[in-house]
Amino acid sequence: MGQSGRSRHQKRARAQAHLRNLEAYAAQPHSFVFARGRAGRSVRQLSLDLRRVMEPLTATRLQIRKKNSLKDCVAVAGPLGVTHFLILSKTETSVYFKLIRLPGGPTLTFRIKQYTLVRDVVSSLRRHRMHEQQFAHPPLLVLNSFGPHGMHVKLMATMFQNLFPSINVHKVNLNTIKRCLLINYNPDSQELDFRHYSIRVVPVGASRGMKKLLQEKFPNMSRLQDVSELLATGAGLSESEAEPDGEHNITELPQAVAGRGNMRAQQSAVRLTEIGPRMTLQLIKIQEGVGEGNVLFHSFVHKTEEELQAILVAKEEKLRLKAQRQDQQAQNVERKREQREAHRKKSLAGMKRAQAEADGDSDAEDPGASAEAQGVSQEEEEDEAEYFRQAVGEEPDEDMFPKAAKRRRPAGPPGKKRRVKEWKPDRGSDQRPPKAKGRHLGAQAKVGPRGAARDPRRGDRGHLRE
């Protein structure tokens, strides 16, 4: 067989590169986006649209059931390397959006004042640009007006920045930037504007006809005599295709970008097309832990230092009582375990003592006989006593069958023997006499030394017979 197409060094280099890619992917932030409670159809669709924004570093096919709690999601998120939760919920008054940092918090709670789904944004546009290649890389995050407006604003900016991987502006590949996420903070209304755009780069400095030729779809030139008419006058093009460009979106490209005419060190225009969803957010509160904990900031509830100190003391007392209950429960468990162990030892000692007493009683039973043999002999003597009653019609003496259970004699005058009633068949019937429950003596029964009949099947044990 011939050698494979790759050498040993090539295989080693590919394996090392694959390992580096896996480590780099694991170091990037990952997220879960889901809705909780009775959110409704629109809110659940909004959660799916948010997943599209967070792709590819999110669980696209995540399914949360009603019985799954937040603790279940946190337990699953650890092994999977998930760093953020984006949770949507709905109440009777409003829709809420929670941004949680794992594993220790904080938790930011927003009220969604307005929102628009992706399908509504796309249907409102005359021409939209959205394809699957745009979601192969995370979007470019742009934060606007997050200035020195307080620690809560700084914390919001940090949380949004940690949602996406960091970018090195000197090494970034411009072909991987296909989308843009804009979050604008309004200091007056203290609201956030959430917008999602598609990025498109087109060359500038050429006529509309030349731009049309550079695009993938060529214009209709059936009415033109020469191609120069298209380049000179732009005939056959609609006015809506001529988008206004200016200093606000024209830049010099540091590297070549995918697209016709986007060369390095050439002027190109960056155009944004909104692809949704839209949201208008208002910060409600910031909590210390994951979904619970101390409230670090609240937009509507403001407490004094005395109230905060009282809350802190009450929480410490609650934690102390909880620890005390846990200690008490541990002591109770240990005490019950010791009681069970002592009861078990006591029971075993009692069983051994009873066994020793039973083994030492030579009058009641044979010390060398086992319990099973003693039970069998007792059964045999009971059968013999029963047979004696049926054959003789009297109760046997006590010393004749010592191991057999005593039967109470039927009530009657003393000294009168009990007679066995003979069975007489009815006239004209073919019934046979019933069989006795005891054992029958054989026809060749032998007589013992005391005049009792002896059955050869029973050895030396004799049975009395009339």
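Strands here are DSSP runs of E with at least two residues, helices are runs of H or I with at least four, and both are numbered from the N terminus. This is a predicted model, where local features need pLDDT of at least 70, side-chain atom pairs count only at pLDDT 80 or more, and totals for chains, interfaces and linings use all residues. Residues are numbered from 1 along each chain as its sequence is written, and side-chain values use heavy atoms, leaving out hydrogens and water.

Now color strand 10 (residues 278-287): strand 7 runs antiparallel to strand 10, with four bridges joining them. Two strands count as paired if DSSP finds at least two bridges between them.

Next, pick Tyr197. Which residue stands opposite Tyr197 in strand 9? Click Glu274 and you have it. Strand 9 (residues 267-274) and strand 7 pair in the antiparallel sense over seven bridges.

Select residues 179-186 for strand 6 and 191-203 for strand 7; the two run antiparallel, joined by eight bridges. Four residues lie between the strands of this hairpin, and there Gln190 takes a positive phi near 55°.

Finally, zoom out. The protein chain has nine helices and 14 strands. Of its 466 residues, 27% count as buried, meaning under 20% relative accessible area with a 1.4 Å probe, protein chains only. For contacts (heavy atoms within 4.5 Å), look at residues at least 6 apart in sequence: 61% of those contacts join residues at least 24 apart.

Key
Buried < 20%, exposed > 50% of the residue type's maximum accessible area, 1.4 Å probe, protein only.
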